[in-house]
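Please keep the sequence and the model in view while reading.

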Amino acid sequence: TIDGKIGMVVQENGTIGVFRFDNDGRVVVVHKEYKGSFYASDVAILPSGKRAFVLDSNWRNNGGGIYGVKIGCDGTLSDEGMLAPSKLARAMVLLPQNADRSVIAAADVLASTANTNIHLLDLNNPFKLIASVDGFGANNAIISASAITTDGKFAIFGENSAFSGVPNRVSIVEVLKNSLKKHKVL
C-alpha cells in the first residue's frame, strides 16, 4: 500500500502472500497463501489501500479476468470475485492522476476488438472499456514488466515472448483522455 504498511506478492502457485508491519516494524504474515476465486498472476493495489485488483492470466473460459479483493486495515483480504472477463491479462498499471482508470496488457478484455493488446479501462462499477490499441504488433506478447510514467502520459510494457520471433521488446503507449496511441516499440 502507498503508506507502506501492507504488502502483497503474487506467488508461483497462483495465491497471494500478504504481510504487514507491526508498530515495532516487524513483519507479520497475514496470509501465507491467500487463495481466492482466481489464479493470481499480477496484482495492483489502489492508492486508497482498501482494494486491489488481481489479474488471472488464464483464457476467459478458464477464469481469466480481473478480480477484486478488499483489503482490511489489518491486511486481511476478502474476495469480491471477477469484475471483468479477459484473456491472457498480464499486467495492469493504475493512472496516477486518475485512480478510476488503468491500462492493462491483455489479449482481450471485456468487449475489446481482435488484434489489440493494450487497453484503457474505467474502473468504476461496472468496469468499462474506453479504448484499445495494438501495442506490440502481435497478439502473442508475454508481458514481463510494466510501468507508468509519474505524469501518467505513457504506459510501458516489456515482453519476453519466445513465440513472438522478436524476444525482449518494449511497447510505449501514450495515454490520452479517452484513447491510447501506440508510441513506439523498442
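β13 and β14 form a hairpin with five residues between them, and Gly152, in the turn, has a positive phi of about 75°. Strands here are DSSP runs of E with at least two residues, and helices are runs of H or I with at least four, numbered from the N terminus. The model is predicted, so that local features need pLDDT of at least 70 and side-chain atom pairs count only at pLDDT 80 or more, while totals for chains, interfaces and linings use all residues. Residues are numbered from 1 along each chain as its sequence is written, and side-chain values use heavy atoms, with hydrogens and water left out.

**The sheet that contains the hairpin**

- β13 and β14 (residues 154-159) run antiparallel and are joined by five bridges; two strands count as paired if DSSP finds at least two bridges between them.
- Within this pair, Ser146 has Phe157 of β14 as its bridge partner.

**The loop between β15 and β16**

- Leu176 is found in the loop between β15 and β16.
- The relative accessible area of Leu176 is 35%, which makes this residue partly exposed; buried means under 20%, exposed over 50%, and partly exposed in between, with a 1.4 Å probe and protein chains only.
- Leu176 and Gly152 are 24 residues apart in sequence, and their C-alpha atoms are 9.2 Å apart in space.
- Apart from neighbours within four places in sequence, Leu176 is in contact (heavy atoms within 4.5 Å) with Leu120 and Lys181.

**A second open sheet**

- Five strands form an open sheet in the order β4-β5-β6-β7-β10, and the pairing is antiparallel.
- β4 (40-45) and β10 (108-109) are the edge strands of this sheet, each pairing on one side only.
- Five bridges link β4 to the antiparallel strand β5 (residues 51-56), and the partner of Ile45 in β5 is Ala52.

**Nonpolar cores**

- The largest nonpolar core has 17 residues, and those with the most contacts inside it include Val103, Ile118, Phe157 and Leu180; such a core is a set of buried Ala, Val, Leu, Ile, Met, Phe, Trp, Tyr and Cys residues joined through side-chain atoms within 4.5 Å.
- At least two residues of this core come from each of β8 (91-94), β9 (101-105), β11 (118-122), β12 (128-133), β14 and β15 (169-175).
- A second, separate core of 15 residues includes Leu46, Ala84, Ala89 and Val109.
- Beyond its neighbours within four places in sequence, Leu180 is in contact with residues including Val103, Ile118, Leu120, Ala131 and Val175.

**The chain as a whole**

- The protein chain has zero helices and 16 strands.
- Its radius of gyration is 16 Å, close to the 16 Å that the globule rule gives for 186 residues, so the chain is as compact as a globular protein of that length; the radius is taken over C-alpha atoms, and the rule is 2.2 Å times the number of residues to the power 0.38.
- Of the 186 residues, 44% count as buried.
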